[in-house]
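Please look over the sequence and the structure before reading on.

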Amino acid sequence: MVAVRRVGAKAGLSREQVFDAALDFVDAHGLPALSMRKLGAALGVEAMTLYNYVPNKDALLDGLVDRVMETAFADLDSPGASWVPWLRSFAHALRQALLAHPGVLPLAGTRPVNSPDALRMSERWLAGMRAGGVPLGRAMDVVNVVATFTIGHTLAEAGRTPGHEGTEPNLDDRADELDPAEFPNLTEVIATRAGLDFDSRFTEAIDILLAGYAALP
């Protein structure tokens with residue numbers, strides 16, 4: 001006889017497994033398709049079983065952002081006196097984590113990161129930056145600026161990631177319409193690819209941003 005799990009019964013899962021399965025689902029089907037019922041089906045359990053691990057869908061969505069942030073922080077030590085290279089590494093790690101899960105980008109830009117795990121991460125980098133001589137308010141400012149810039153930049157970039165093709169305004173699509181006599185600079189941009197590389201643009205912008213903060217008295 002096949003055992004049938006009663007509705008709401010524990011399924012031998014962990015919260016991490018639930019969030020990872022939700023990330024996989026969003027990667028495959030997009031954020032609008034995510035529901036507790038569909039996620040339960042992907043995990044082989046009733047939707048009500050998931051409420052043993054997350055209290056509601058809002059908590060599930062918050063957990064998706066947390067999992068991406070955890071990935072970005074995973075290999076980073078406490079910043080300390082080397083807070084500029086630490087923040088540079090964080091920015092690049094966050095960008096890569098978001099590009100790996102572009103469906104989470106709308107959540108990353110709109111939902112607060114305030115789960116217990118996220119708060120512990122925040123406390124760790126705040127303590128490290130203060131130990132490195134950065135005032136508390138400035139530490140909050142610079143990390144938030146770096147994070148919001150990274151999220152915004154990656155939102156623009158995500159049009160090139162699987163499942164998001166065509167969402168990025170593409171100058172190449174207008175190439176045949178541009179008269180070189182009227183648009184000599186844009187024509188040259190298309191021909192030479194000057195200023196169109198996301199990697200170099202992001203790297204330069206983060207370096208300039210951090211250099212500006214580091215130069216403050």
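**Overall fold**

The model described here is predicted. Its protein chain contains nine helices and zero strands, and from the N terminus on the order of elements reads α-α-α-α-α-α-α-α-α. The chain has 217 residues, of which 38% count as buried. When contacts between residues at least 6 apart in sequence are considered, 72% of them join residues at least 24 apart.

**Annotated region**

An unreviewed UniProt entry carries the annotation "DNA-binding region" for residues 35-54. In the model, this span is 40% helix and 0% strand, and its end C-alpha atoms lie 13 Å apart.

**Packing of α1 and α3**

Helix α1 comprises residues 15-29 and helix α3 residues 57-73; the two pack with their axes 9 Å apart, at an angle of about 85 degrees. Since angles of 65 to 115 degrees count as roughly perpendicular, α1 is roughly perpendicular to α3. On the side of α1, the contact is formed by E16, V18, F19, D20, A22, L23 and V26, while α3 contributes A59, L60, G63, L64, R67 and V68.

**Aromatic pairs**

Two aromatic pairs are present in the structure. In general, such a pair is described by the distance of the ring centres and the angle of the planes. The table gives these values.

| Pair | Distance of centres | Angle of planes | Type |
|---|---|---|---|
| W86 and F90 | 6.0 Å | 10 degrees | stacked |
| F149 and F202 | 5.9 Å | 15 degrees | stacked |

Where do W86 and F90 lie? Both belong to helix α4 (residues 83-100), where they are four residues apart, about one turn of the helix. W86 and F90 are both buried.

Are F149 and F202 buried or partly exposed? F149 has a relative accessible area of 28% and is therefore partly exposed, as buried means under 20% and exposed over 50%. F202, with a relative accessible area of 0%, is buried.

Note on methods:
Residues numbered from 1 in each chain as written. Predicted model: local features only at pLDDT ≥ 70, side-chain atom pairs only at ≥ 80, totals over all residues. Heavy atoms only, no water. UniProt positions renumbered as here; feature names shortened; annotations may be inferred. Axes fitted to C-alpha atoms, helices over the stretch in contact; angles between N-to-C directions. Parallel < 35°, antiparallel > 145°, perpendicular 65-115°, else oblique. Contact = heavy atoms within 4.5 Å. Phe/Tyr/Trp six-rings, centres within 6.5 Å; stacked < 30°, edge-to-face > 60°. Buried < 20%, exposed > 50% of the residue type's maximum accessible area, 1.4 Å probe, protein only.
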